[in-house]
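Thanks, everyone. I have one chain to go through today, and I will start with a term before using it. The structure goes up now.

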Amino acid sequence: MSSLPSSAGGQAAASGEPGVPSRRELNKAATRQAITDAALNLLRSRGPGNFTVEDIADAAGISRRTFFNYFGSTEAALASVTFGFLDTALQQFRLRPADEPILDSARAALVELADPMTVAPVAEIYSLGQTNPQLSRSELEAWDHCTEQIIEAARERFARTAGRDIDELYLRALAGSVISCGKAALDVWFARCGGDLSPDSLSVLRQLLIESMGLLGSGFASQSPATPSPDRH
């Protein structure tokens, strides 16, 4: 993931600056980002399956051993792009008001990612994963991780609401539904746009992600599958 390791806060707190990452943690984050960028550039220039861990390490200016300190495979390095996007969305979710309905918070978190180019790397990795089973599996791991993170974020919110019991079935069904809607939006976008990464295509993807949350929020009652809205093809 692109987020800083959890140890950053502890080290910063020890220096009297809670919440501020230490220089060591910043360096680790920079190395992780350099690896991810190198892997993505090699993916674009050579295609999936046509480069090795050694190639990524050389491009990032690190050793093979350092690479494995951060990622277990080339696919894991590439999947960190999706981890990063989902982490950003989760951060936005946690900033929403505690009394806001969770689905409204999820939709608002996606709206906050206003620039269509924000979803470009995720869309690119998703498209390439359609023809690369190993990359696709790493992508699924990222989405599964996000499901667990949504559960935790929702649990934290409910824990702050006095007098409310936490329904684990509700939390897990909700998180799974949110993730499924996100995947459905990507599936429809890919079928419609064929992996096109132009600004117009990425705007379509962003809108599909938002609409999928809206459908979930309405209980899928606002639109019949046989009568798509005018802006859908």
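A crossing of two helices is called left-handed if the near helix is turned anticlockwise from the far one by less than a right angle, and right-handed if it is turned clockwise. Please keep in mind that what you see is a predicted model.

With that term in hand, take helix 2 and helix 7. Helix 2 passes helix 7 in a left-handed crossing. On the helix 2 side, the contact is made by Leu-40, Leu-43 and Arg-44, and on the helix 7 side by Glu-124, Ile-125 and Leu-128. By class, these residues split into four nonpolar and two charged, with no polar ones. As for the geometry, helix 2 covers residues 23-46 and helix 7 covers residues 120-129, and their axes come within 12 Å and cross at roughly 50°. Angles from 65 to 115 degrees would count as roughly perpendicular, and those under 35 as roughly parallel. Helix 2 and helix 7 are therefore oblique to each other.

Now the chain as a whole. How many helices and strands does the chain have? There are ten helices and zero strands, so the pattern along the sequence reads α-α-α-α-α-α-α-α-α-α. The chain has 233 residues, and 41% of them count as buried. The accessible surface comes to about 12,200 Å², with 53% of that belonging to carbon and sulfur atoms. Taking contacts between residues at least 6 apart in sequence, 63% join residues at least 24 apart.

Next, helix 6, residues 102-112. Which residues of helix 6 are buried? They are Ile-102, Leu-103, Ser-105, Ala-106, Ala-108, Ala-109 and Leu-110. What do the buried residues of helix 6 pack against? The partners are helix 5 (74-94), helix 8 (133-159), helix 9 (168-193) and helix 10 (199-217).

I will take one of these partners, helix 5, in more detail. The axes of helix 5 and helix 6 are 8 Å apart, and the packing angle is about 125°. That makes helix 5 oblique to helix 6. Helix 5 passes helix 6 in a right-handed crossing. Helix 5 contributes Ala-89, Gln-92 and Phe-93 to the contact, while helix 6 contributes Ile-102, Ser-105, Ala-106, Ala-109 and Glu-112. The residues of this contact divide into five nonpolar, two polar and one charged.

Two loop residues remain. Phe-71 lies in the loop between helix 4, residues 64-70, and helix 5. Is Phe-71 buried or exposed? Its relative accessible area is 6%. The cut-off for buried is under 20%, so Phe-71 counts as buried. Leaving aside residues up to four places away in sequence, Phe-71 touches Arg-32, Ile-35, Thr-36, Ala-76, Ala-77 and Ser-80. For Arg-32, the separation from Phe-71 is 39 residues in sequence and 8.7 Å in space, C-alpha to C-alpha.

The other loop residue is Asp-167, found between helix 8 and helix 9. Asp-167 has 46% relative accessibility and counts as partly exposed, because exposed would require over 50%. Asp-167 and Arg-155 are twelve residues apart along the chain, and their C-alpha atoms are separated by 9.0 Å.

That is what I have for this one.

Conventions
Residues are numbered from 1 along each chain as its sequence is written. This is a predicted model: local features need pLDDT of at least 70, side-chain atom pairs count only at pLDDT 80 or more; totals for chains, interfaces and linings use all residues. Side-chain values use heavy atoms; hydrogens and water are left out. Helices (H or I, at least four residues) and strands (E, at least two) are DSSP runs, numbered from the N terminus. Buried means under 20% relative accessible area, exposed over 50%, partly exposed in between (1.4 Å probe, protein chains only). Contact means heavy atoms within 4.5 Å. Accessible areas come from the Shrake-Rupley method with a 1.4 Å probe; for residues, only the protein chains shown count as cover. Axes are lines fitted to C-alpha atoms, for helices over the stretch in contact, and angles run from 0 to 180 degrees between N-to-C directions. Angles under 35 degrees count as roughly parallel, over 145 as roughly antiparallel, 65 to 115 as roughly perpendicular and the rest as oblique. Ala, Val, Leu, Ile, Met, Phe, Trp, Tyr, Cys and Pro count as nonpolar, Asp, Glu, Lys and Arg as charged, and the others, Gly among them, as polar.
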